[in-house]
Each structure stands twice: as structure tokens, then as C-alpha cells.
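Have a look at the model first, then read on.

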Amino acid sequence: TKAFPKENPAVFELYWSPGQVKARAHENVFATQSFLMSFWHKEADPGALISTELPVSYVDRVRIRQPGDSGFALGPHVDGGSAERWESNGYGLGKVYDKIFEGKWEEFDPWESSGRIKAESDLYNGAGACSMFRMFQGWLSMSNTGPGEGTLLVNPLFKLATAYYLLRPFFSPKIGEAGKSGFLDESNWELEPQQTSLLQGATLGCTQELNDALHPHLELSKTMIHVPDVRPGDYVAWHCDSIHAVDKIHAGCGDSSVLYIPACPLTETNARYLVRQREAFLDGTPGPDFPGGKGESE
């Protein structure tokens, strides 16, 4: 089975195993995902074609991370594109972040779904990009895993963090270096007199990356929080705007294993994807968003 990283495989290109198919369709997973998606609303456009009553299936892979692994170490990032968040033909199509760019970040509603179904999150055919609208990313645990044992970290203040990294390109420090006294003070930062094309951590075709050097006020070394202990059958989910990461080193004694199962509503875009995904199921090949090849067809 194809997997990566090559040196010590952790993510396996398996999509259609009986266990995965059953897990995605399990009544408890459905109930949990429906509950999670109920936090979203479409107040800005009540007629928006989006339904959260019954989740639809986005087929993803398997992670089996072994003790001591440091190869599968994802730093703080946000999936769903990067530069697209600033672009008028990206997330701008749905006016998703307009309130932030208007300077009214307090009015930004991360739970408003009507604009998200119009947004384009993959303008550059990025590797690993998701072309379906996932309200929550998530996984179903297959192991007993605690903090530091190759598990997930999230930044819980996702509305504030989103506003910060989206406005970050418009400001620069007057003096000083990161880490020095007064560097983070409001008085040390000013609006860029001349705007450049620099979007900190945004690379075309990749996810939005974040770190202490580019986004100092987030203090990610302090604000990234481990998810609690999980047992087989526990479901972990995080809002699609959430900054998340993975332990740099798996310091546990057992494997850290999950089935990736996000929570997706029914929309026009998602329905079109499902048609293509159905063909992949019948052929036994990877889903449309994933590396092609023979997959499990043989």
C-alpha cells in the first residue's frame, strides 16, 4: 500500500477498506456530525442551497503513526487553501472574510455557511487540497492516545486567530526583533505605508502555514493546545478555520491511529464531487482529491 513519509510510513493510501466504509456510515458518527454541523447557520442567505441534516461522505485515508516517529510532523497550519483567502475570485466570491478586511473583525461570523458554498478554496490545484466544503475536519480514533503521543493540537481562539493572520500582511513592526521587549506592543506596529504582495505563510497551491516568526502575536508555542486523551471509537473534530498541528515527535509507547472522517454538508459543489467519488468507489481507486493510480482496484 502506498504511504508517506517513505522512511517511516504514517498515512496510508487506503480509502475503501470495509472498516472505513462502515465507520463513515455508522449511525453514531452521523449523529455526532449532525450535532456538530447544527452550530452553523445561513442567516445571511436563508435560501442558500445547503443542508446539514444528514452528513455526506468525504472519503479520506488512514493514519497509523508508530512510537518515536518524527517524520509526520505537521506544524501549525490551516487547510482549505492559503492565498485564496485574500483573493476576490477565491473566498472573496462568497464574501467570507469581508468583515475582517473592512476592519470590522468583531462582526465576522465563522459559523455563517451561505458564503462558504460560493467560495473557491483551490485556485492552484494544490497537492492535498480539498474541493469539498468541510464544516469540520475530523478523525475517528483507533487507538489509546494522549497528549505528546503523536496526536493533534489546535488553537481554540479560531475567530481571533483568523482575523489576525488575515490582517497580518497589512502591518509591520517599526523597530526591534521578535522576542525582544516591546516587540509585540501595539505601539510598535503600524499600517504598511506601501502594500506588497507578501502574504505571510501563504504559498500558492499549499495550505496556510503559521509560525512564531511570521505571526508573532499568536504565540503559537503557548496557544496550541493538545486534544484530550482519546480511546478507540472517540471522534475528534475541529472547525475548518482552526489552526491545527501534529506532535513533532510521537513520544508514546503505542501506535497513534485514526480514520480521517470530516463532517460535510450537502451543497451543490459537494454533490458534484460525490458523483465523481462514486465512480472512484466503483473502480476501487482513490477519491478525486487524492493521488490517482490503481489504488485498491486489484
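Let's start with Glu 219, which is partly exposed at a relative accessible area of 32%. Keep in mind that this is a predicted model. The side chain of Glu 219 meets that of Lys 222 in a salt bridge, 3.4 Å from N to O. Lys 222 itself is exposed, with a relative accessible area of 60%.

How many salt bridges does the structure hold? The count is eight. Side chains of opposite charge can pair when their charged atoms come close.

| Arg 61 | Glu 13 | 3.2 Å |

Take the pair of Arg 61 and Glu 13, whose closest N and O atoms are 3.2 Å apart. That pair links distant parts of the chain, 48 residues apart. Arg 61 is in the loop between strand 3 (50–56) and strand 4 (62–65), while Glu 13 is in the loop between strand 2 (11–12) and helix 1 (18–24).

Are these two partners buried or exposed? Buried means under 20% relative accessible area, so Arg 61 counts as buried at 15%, and Glu 13 counts as buried at 12%.

Now for the rings. The structure holds 15 aromatic pairs. Ring pairs tie Phe 35, Phe 39, Trp 40, Trp 111, Phe 133, Phe 136 and Phe 158 into a cluster.

Which charged residues sit over a ring? Arg 24 lies over the face of Trp 16, at 5.8 Å from the ring centre. Arg 63 has its charged end over the ring of Trp 139, 5.7 Å from the centre of that ring.

Last stop, the surface. Trp 105, Leu 157 and Leu 160 make a nonpolar surface patch of about 280 Å². One of these, Leu 160, has its place in helix 4 (residues 158–167). Leu 160 is partly exposed, with a relative accessible area of 44%.

Note on methods:
Residues are numbered from 1 along each chain as its sequence is written. This is a predicted model: local features need pLDDT of at least 70, side-chain atom pairs count only at pLDDT 80 or more; totals for chains, interfaces and linings use all residues. Side-chain values use heavy atoms; hydrogens and water are left out. A salt bridge is a side-chain nitrogen of Lys or Arg within 4 Å of a carboxyl oxygen of Asp or Glu. Helices (H or I, at least four residues) and strands (E, at least two) are DSSP runs, numbered from the N terminus. Buried means under 20% relative accessible area, exposed over 50%, partly exposed in between (1.4 Å probe, protein chains only). Patches are made of residues with over 30% relative accessible area and no salt bridge: like charges are joined within 9 Å, nonpolar side chains (Val, Leu, Ile, Met, Phe, Trp, Tyr) within 5 Å. Accessible areas come from the Shrake-Rupley method with a 1.4 Å probe; for residues, only the protein chains shown count as cover. Rings of Phe, Tyr and Trp (its six-membered ring) pair if their centres lie within 6.5 Å; planes under 30 degrees apart count as stacked, over 60 as edge-to-face and the rest as tilted. A charge sits over a ring if NZ of Lys or CZ of Arg is within 6 Å of the ring centre and within 35 degrees of the ring normal.
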